[in-house]
Amino acid sequence: MADFGHELWFGAFLTPDAAGHHRIVRQAVLADEIGLDIIGIQDHPYLPSFLDTWTLLSALAGRTERVRLFPDVVNLPLRPPAVLARAAASLDILSGGRVELGLGSGAFWDGIAAMGGPRHSPGEAVDALEEAVAVLRALWTPGEDVRFDGRHYRLEGARPGPFPPHPIGLWLGAYKRRMLELTGRLGDGWVPSSGYAAPGELGAMSEILDAAAERAGRDPAGIRRAYNIEGRFSGVAGEGFLDGPPVVWAGQLTELALRHGMSVFVLAVDDDRDLKVFAEEVAPAVREAVARERGRATRSDAGRPVEIAGGTPAGAAPGTGPGTGLDDATRPRLPKRDIAALTPQQQANGRRLVLIHDHLRRELTQIRDALGQVAAGRSDAAALRSMINQLTMRQNYWTLGTFCASYCRLLTTHHTIEDEHMFPMLTAAQESLAPVVARLEQEHEVIAGVLTELDAALVAMIEDPDRLDGVRDQVDLLSDVLLSHLRYEEEELVEPIARLNLDI
């Protein structure tokens with residue numbers, strides 16, 4: 001769980017009430033004019049009081065110029081994916097590439113059945129959505145006629161097209177494990193709603209999604225995280241989520257962006273004034289706060305020389321001195337072939353190791369960010385994020401300790417997988433890799449020792465908050481040795497993993 005660096009979008013979730021059609025069009029035009037990024041329209045075709053979502057989106061596309069549009073989310077059981085592919089691509093063409101596609105597996109089955117749609121079990125609904133994703137992408141890809149023989153959907157020579165002018169994102173509405181895992185494997189985005197997934201539940205859901213993405217060889221950072229939200233602007237901060245003045249909203253949304261990677265916030269709104277406050281006060285404040293934190297993270301990763309225990313000289317490459325156990329001069333090196341000469345599939349297998357490592361690097365950046373916040377809290381508690389702001393200083397230290405401990409478990413699990421699975425596979429396929437693998441295993445032991453010392457420093461800090469410097473020293477040491485280790489592993493293993501076509 002981390003900030004994935006996506007551009008932040010802010011939008012409006014407008015209720016498609018047929019009786020209020022003038023208001024909907026007016027507010028969509030207003031959202032376009034005041035700089036909001038996206039408009040979401042819910043899709044419940046069985047409700048006679050609602051306008052049809054695709055008809056409404058098409059009308060709004062004709063009245064707006066720059067704002068993006070998406071069904072939030074499509075009721076798939078009542079919209080066959082082959083027809084949906086044509087509709088979404090057509091609207092993307094007519095709107096100048098402003099369409100994204102939210103997809104839902106289905107709900108309110110009595111209403112769906114009343115309209116002649118299928119009544120799926122939960123498992124069937126997930127399977128149907130997976131098939132729909134395949135159908136949509138096939139019909140958006142130039143090539144031969146498409147044949148697809150699924151349990152729920154069939155294509156018997158459908159011709160692809162029309163083709164959207166920009167890659168339409170498939171954002172899946174997901175809450176339970178199977179849907180979250182499907183989103184991690186196949187989705188371009190994830191779009192939960194705060195009414196069904198409170199902020200405190202996003203972390204556990206994200207872990208399921210991210211793990212599924214990594215198992216599929218995908219970088220979790222490539223999956224957009226959109227959050228449908230609702231709240232109340234008021235003069236005094238309340239106890240709930242998004243209950244208070246704009247500054248409270250900004251703090252809470254900033255926290256979601258930086259901690260859970262949420263980068264699209266779509267506000268359920270029916271009032272023009274609230275729409276303006278969200279666009280003109282909340283959105284700029286969140287963008288500024290997130291940009292500031294990203295700037296700090298960039299500066300902290302700038303690679304300044306660090307003197308660490310054991311006598312690494314100033315100016316030496318971080319984490320490669322003899323005192324760290326990762327002396328670069330003694331690392332075995334093997335000759336390698338040009339990876340560019342390998343097939344795309346082989347290259348993708350090699351890059352998978354880098355994607356996994358990138359996740360560890362991002363998590364390490366988050367630890368440094370948490371350290372900076374705790375340190376700033378000593379002298380300027382108001383500068384902390386709103387969630388941290390509501391805690392006592394001692395609770396701040398507990399928050400940091402929990403975050404670091406979670407990272408230690410993640411890193412240990414990654415190394416265990418390498419030691420027990422990937423390394424034996426490599427040496428069995430190429431015996432000459434044995435010295436490199438043996439060295440990497442030794443470095444895992446060094447890193448395990450650093451993690452043990454970090455855990456001890458966290459315990460000491462929780463008992464005595466003035467001992468933050470001890471945690472900072474251990475995080476600096478972990479950063480030095482881990483980043484050096486990851487670089488060495490990639491330099492020596494990406495090419496043979498790719499060349500040997502190993503599935504890691």
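**Close-up views of a predicted model**

**View 1. Aromatic pairs.** Nine aromatic pairs are counted, taking Phe, Tyr and Trp rings (the six-membered ring of Trp) with centres within 6.5 Å. In one of them, F233 and W249 have ring centres 3.9 Å apart and planes at 15 degrees, so this pair is stacked (planes under 30 degrees apart; over 60 is edge-to-face, the rest tilted). F233 belongs to strand β11 (residues 232-233) and W249 to helix α8 (residues 246-260), so the pair ties together parts 16 residues apart in sequence. Helices (H or I, at least four residues) and strands (E, at least two) are DSSP runs, numbered from the N terminus. F233 is buried at 17% relative accessible area, and W249 is buried at 1%; buried means under 20% (1.4 Å probe, protein chains only). Ring pairs link F10, F233, W249, F265 and F278 into a cluster.

The model is predicted: local features need pLDDT of at least 70, side-chain atom pairs count only at pLDDT 80 or more, and totals for chains, interfaces and linings use all residues. Residues are numbered from 1 along each chain as its sequence is written, and side-chain values use heavy atoms, leaving out hydrogens and water.

**View 2. Charges over W9.** R68 lies over the face of W9, 3.8 Å from the ring centre. The charged end of R224 sits over the ring of W9, at 4.1 Å from its centre. The rule asks for NZ of Lys or CZ of Arg within 6 Å of the ring centre and within 35 degrees of the ring normal.

**View 3. Strand β2.** Four bridges join β1 (residues 9-14) to β2, and the two run parallel; pairing needs at least two DSSP bridges. G11 stands opposite I38 in β2. From β2 (residues 38-41), I38 and G40 point one way, I39 and I41 the other, and all are buried.

Key
Buried means under 20% relative accessible area, exposed over 50%, partly exposed in between (1.4 Å probe, protein chains only).
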